[in-house]
Amino acid sequence: MSDRPLPMPVFAIAALSPVGLIAFGVWAGGTWLWAGFLYMVLLVIVLDQLIPYVAGNAPEGAEFPAADAVLVAVGLAVVALMPLAVWGITSDHLRLGEKVLLFFGTSYFLGHVGHPAAHELIHRSGRGLYRLGVLVYSMMLFGHHASAHRLVHHTAVATPDDPNSARAGESFWRFAPRAWIGGFRAGKAAEDAQRARRKRAAGAHPDAWYLGIGVACLGLAAIIGGPVGALIWLLLSAHAQMQQLLGDYVQHYGLARARLPDGRYEPVGARHSWNTPHWFSSALMLNAPRHSDHHAHPSRPYPALRLTKDAPLLPWPLPLACALAMVPRLWKRRMRPHLAHWQSQHGQVPAQ
């Protein structure tokens with residue numbers, strides 16, 4: 001492990017390069033769309049394996065003034081790229097194969113880069129940054145995640161009360177609908193409770209904003225490409241949401257907080273999230289693979305997130321782990337020894 005954290009230019013280049021490739025590909029087609037697609041699905045894994053580098057930890061209290069600028073750039077890229085992709089796919093400008101590349105290049109960018117950026121934005125204290133995060137999630141028709149993640153997941157993670165914590169032995173395909181529906185319900189309940197505690201009028205319910213933005217986006221897609229345009233927007237959002245749920249599934253699979261004698265759960269610790277130390281996927285995903293430290297310090301800037309000695313590690317880059325999770329038997333077989341080892345270290349009964 002290096003003694004230096006990843007520099008900000010690496011985050012910026014890794015996260016924003018695919019936008020340029022995909023956007024230029026809408027105009028030029030061919031090679032550029034192949035480049036954008038392969039960047040997202042292959043290059044990230046190849047670089048993680050060919051260059052086995054693990055970045056170091058930033059000093060405690062380190063600040064990164066440019067970190068929010070990268071988040072804003074990615075957020076605005078999502079705002080521009082979704083309607084651009086719908087136009088490219090529904091127009092006669094591209095051939096069928098190029099449209100397929102455009103669809104998957106865009107949706108992988110939304111899930112692997114747009115989602116981590118929105119996730120960071122909703123944790124920022126600035127109102128403008130937070131609203132941009134909400135906009136990005138709502139454009140991906142996943143607005144309720146902004147409520148469920150902050151108000152439910154961060155307090156109930158690794159307990160049965162958190163819909164987005166996967167149980168040992170639970171397949172992704174069982175987890176996904178439970179997490180989506182449960183997250184919506186739990187997020188709404190948390191927002192309702194928070195509004196009830198306020199003494200003054202709180203304005204429109206957040207769910208109304210999420211729904212309104214989503215409907216407006218589908219209307220925009222219909223203007224661009226008719227009913228097919230709206231369908232493409234729905235499919236792009238569905239694929240992006242699946243990747244977001246895969247990330248939650250992988251990063252909390254089978255890890256549980258112990259219940260204390262007084263009935264409460266033990267505090268959230270590093271051992272309640274899986275981490276992946278690979279450098280390029282970490283840069284692409286804005287350090288989302290350093291998940292334990294995010295739960296310990298939700299407001300810590302993503303370049304400063306740390307890998308601690310007591311944090312459980314997975315041997316695969318996070319995008320590859322998500323791909324494995326889509327095949328339940330393979331995932332359970334590959335995860336069983338890692339989970340059993342970690343549970344035995346902490347006095348838990350290994351899951352079967």
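This is a predicted model: local features need pLDDT of at least 70, side-chain atom pairs count only at pLDDT 80 or more; totals for chains, interfaces and linings use all residues.

Colleague: What span does helix α5 reach from its first C-alpha to its last?

Modeller: Helix α5 covers residues 127-139, which is 13 residues. At 1.5 Å a residue, 18 Å is expected. The span in the model is close to that, at 18 Å.

Colleague: Which helices do the buried residues of α5 pack against?

Modeller: The buried residues of α5 include Leu129, Leu132, Val136 and Tyr137. Gly133 and Met139 are also among them. Their packing partners are α3, α4, α6 and α8.

Colleague: How does Arg264 count, buried or exposed?

Modeller: Arg264 meets Asp262 in a salt bridge, 2.8 Å from N to O. Asp262 is partly exposed, at 46% relative accessibility. Arg264 has 58%, and exposed means over 50%. Arg264 therefore counts as exposed.

Colleague: Which residues are linked with Asp293 in a network of salt bridges?

Modeller: Asp293 and Arg300 meet at 2.8 Å, N to O. Both Asp293 and Arg300 are buried. The network links Asp293 with Glu60, Arg300 and Arg306.

Colleague: How are the rings of Tyr53 and Trp279 arranged?

Modeller: The count of aromatic pairs comes to 19. In the pair of Tyr53 and Trp279, the ring centres are 6.4 Å apart and the planes stand at 80 degrees. Planes over 60 degrees apart meet the cut-off, so the pair is edge-to-face.

Colleague: How many residues apart in sequence are the parts tied together by Tyr249 and Trp331?

Modeller: The rings of Tyr249 and Trp331 form a tilted pair, 5.8 Å centre to centre with 45 degrees between the planes. Tyr249 is buried at 0% relative accessibility, and Trp331 is buried at 0% too. Tyr249 lies in helix α8 and Trp331 in helix α12, so the pair ties together parts whose separation in residues is 82.

Colleague: Which residues join Tyr249 and Trp331 in a cluster of ring pairs?

Modeller: Ring pairs link Tyr249 and Trp331 into a cluster.

Note on methods. Residues are numbered from 1 along each chain as its sequence is written. Side-chain values use heavy atoms; hydrogens and water are left out. Helices (H or I, at least four residues) and strands (E, at least two) are DSSP runs, numbered from the N terminus. The expected span of a helix is 1.5 Å times one less than its number of residues. Buried means under 20% relative accessible area, exposed over 50%, partly exposed in between (1.4 Å probe, protein chains only). Contact means heavy atoms within 4.5 Å. A salt bridge is a side-chain nitrogen of Lys or Arg within 4 Å of a carboxyl oxygen of Asp or Glu. Rings of Phe, Tyr and Trp (its six-membered ring) pair if their centres lie within 6.5 Å; planes under 30 degrees apart count as stacked, over 60 as edge-to-face and the rest as tilted.
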